[in-house]
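Work through the following exercises with the sequence and the model side by side. Each one sets a task and then gives a solution in steps.

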Amino acid sequence: MHKRSKSCEPYSKMEERIGCTSNAATSCDDSATGRAPSSAAAAAQCSTVSVFLAKINGVARLVTAVWSKSLINQSFTISIDRPGPGGGGGGGGDGDGPVTHKVELKPWPFWSKKGGKAMDVGGGDRVDMFWDLRSAKFAAGGTSPEPAGGYYVALVSNDEVVLLLGDCKKDAYKRTKARPSLEDAVLVCRRESVFGRRSFAARARLDARRSKEHEIVIEYALAAAGSSKDPEMWITVDGFVLLHVKSLQWKFRGNETLLVDQAPVQVIWDVHDWLFAGPGTQAVFVFKPGAPPEIQEDSGGNGIQGEGTDFCFFLQAWRTE
């Protein structure tokens with residue numbers, strides 16, 4: 001079901017390379033500090049971060065969407081990178097940081113679930129932001145701060161919808177009175193934080209070019225005190241166990257290439273703190289479409305094939321016990 005990769009690129013370096021770092025997006029967690037979160041802090045860490053590359057007035061810019069949830073608050077934030085000193089877009093900034101607008105989703109019945117905001121994003125460019133969450137539906141159990149459907153968030157530049165989130169596309173185009181962009185925004189990376197004791201679940205795309213989401217479940221079993229049984233870990237995608245790691249105390253960091261819908265996906269994991277730092281710690285998993293270059297070369301055209309992309313899905317799994 002899988003083939004071992006010959007090398008493992010640290011996930012932190014991968015984050016820096018594709019721009020899915022705290023510089024590109026701000027989430028409400030303490031993961032960067034390495035500290036074990038308290039129960040209150042853990043609640044604040046419930047977040048999803050998606051980074052897109054969108055054309056704004058003909059220039060590619062990074063746009064970050066952050067959904068976050070705590071015991072007392074829920075919100076989403078849109079951030080748009082400013083152009084660089086030379087007027088170019090992309091990752092370069094002019095020192096003032098991205099333009100950001102945060103919408104608080106208040107629990108009481110009178111907060112506005114529908115609104116709009118004009119944003120001056122620098123370089124003489126303006127982006128109009130529209131949202132409607134009046135019919136938003138969230139996943140069962142309320143574990144994810146991001147709606148599962150029944151909503152839209154749209155960004156409009158020069159009468160074009162340059163980024164559209166949610167499934168209510170017709171409503172979005174009707175309200176904005178704008179046409180679809182000739183170039184769709186590209187999902188660069190996504191990061192999600194989840195919590196659990198022995199099982200951690202998330203839904204995510206494993207190919208930015210496809211809209212299909214996969215159900216990812218990570219489970220692990222620690223050895224009981226006095227037991228000779230070694231800790232183990234399982235990674236399940238869409239109900240199929242694609243990876244079973246035995247003797248986890250010796251393989252707490254590693255990587256494999258799995259086949260998901262007949263397409264290769266690299267999986268990199270680091271569960272050191274789960275095993276040796278105790279409760280209140282996180283493990284990190286990276287899912288990257290495409291086979292590593294050495295596997296493509298070794299296959300000679302007859303083995304695992306797949307065109308690599310710059311998209312990655314980062315999963316931070318926090319132990320709560």
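**Exercise 1. Find the salt-bridge partner of Arg190 and state which parts of the chain the pair ties together.**

Step 1. The model is a predicted one, in which local features need pLDDT of at least 70 and side-chain atom pairs count only at pLDDT 80 or more, while totals for chains, interfaces and linings use all residues. Residues are numbered from 1 along each chain as its sequence is written, and side-chain values use heavy atoms, with hydrogens and water left out.

Step 2. A salt bridge is taken as a side-chain nitrogen of Lys or Arg within 4 Å of a carboxyl oxygen of Asp or Glu. Arg190 meets this rule with Glu146, the closest N and O atoms being 2.8 Å apart.

Step 3. Arg190 belongs to strand S11 (residues 186–196) and Glu146 to the loop between S7 and strand S8 (152–157), so the pair ties together parts that are 44 residues apart in sequence; helices (H or I, at least four residues) and strands (E, at least two) are DSSP runs, numbered from the N terminus.

Step 4. Both Arg190 and Glu146 are buried, where buried means under 20% relative accessible area, exposed means over 50%, and partly exposed lies in between (1.4 Å probe, protein chains only).

**Exercise 2. Describe the surroundings of Thr48, giving its strand, its burial and its contacts.**

Step 1. Thr48 is found in strand S2 (residues 46–56) and, at 0% relative accessibility, counts as buried.

Step 2. Its side chain makes a polar contact with the side chain of Glu146 at 3.2 Å; a polar contact is a pair of N or O atoms within 3.5 Å, where within protein one must be able to donate a hydrogen and the other to accept it, and residues adjacent in sequence count only if both atoms are side-chain atoms.

Step 3. Leaving aside residues up to four places away in sequence, the residues that Thr48 touches (heavy atoms within 4.5 Å) include Trp67, Glu146, Arg190 and Glu192.

**Exercise 3. Which strands pair with S3, and in what sense?**

Step 1. Two strands pair if DSSP finds at least two bridges between them. S2 and S3 pair in the antiparallel sense over eleven bridges, with Phe52 standing opposite Val63 in S3. These two strands form a hairpin with two residues between them, and Asn57 in the turn has a positive phi of about 55 degrees.

Step 2. S3 also pairs with strand S4 (residues 74–80), in the antiparallel sense over seven bridges. Ser68 stands opposite Ser75 in S4, and S3 and S4 form a hairpin with four residues between them.

Step 3. Eight of the eleven residues of S3 are buried, so this strand is largely enclosed by the rest of the structure.

**Exercise 4. Identify stretches where pLDDT stays under 50.**

Step 1. pLDDT is the predictor's confidence in each residue, from 0 to 100. The mean pLDDT of the protein is 78, and 72% of its residues reach 70 or more.

Step 2. Over residues 86–94 the pLDDT stays under 50, and the model has 21 contacts for this stretch beyond four places in sequence. Over residues 301–308 the pLDDT is below 50 as well, with 17 contacts in the model beyond near neighbours in sequence.
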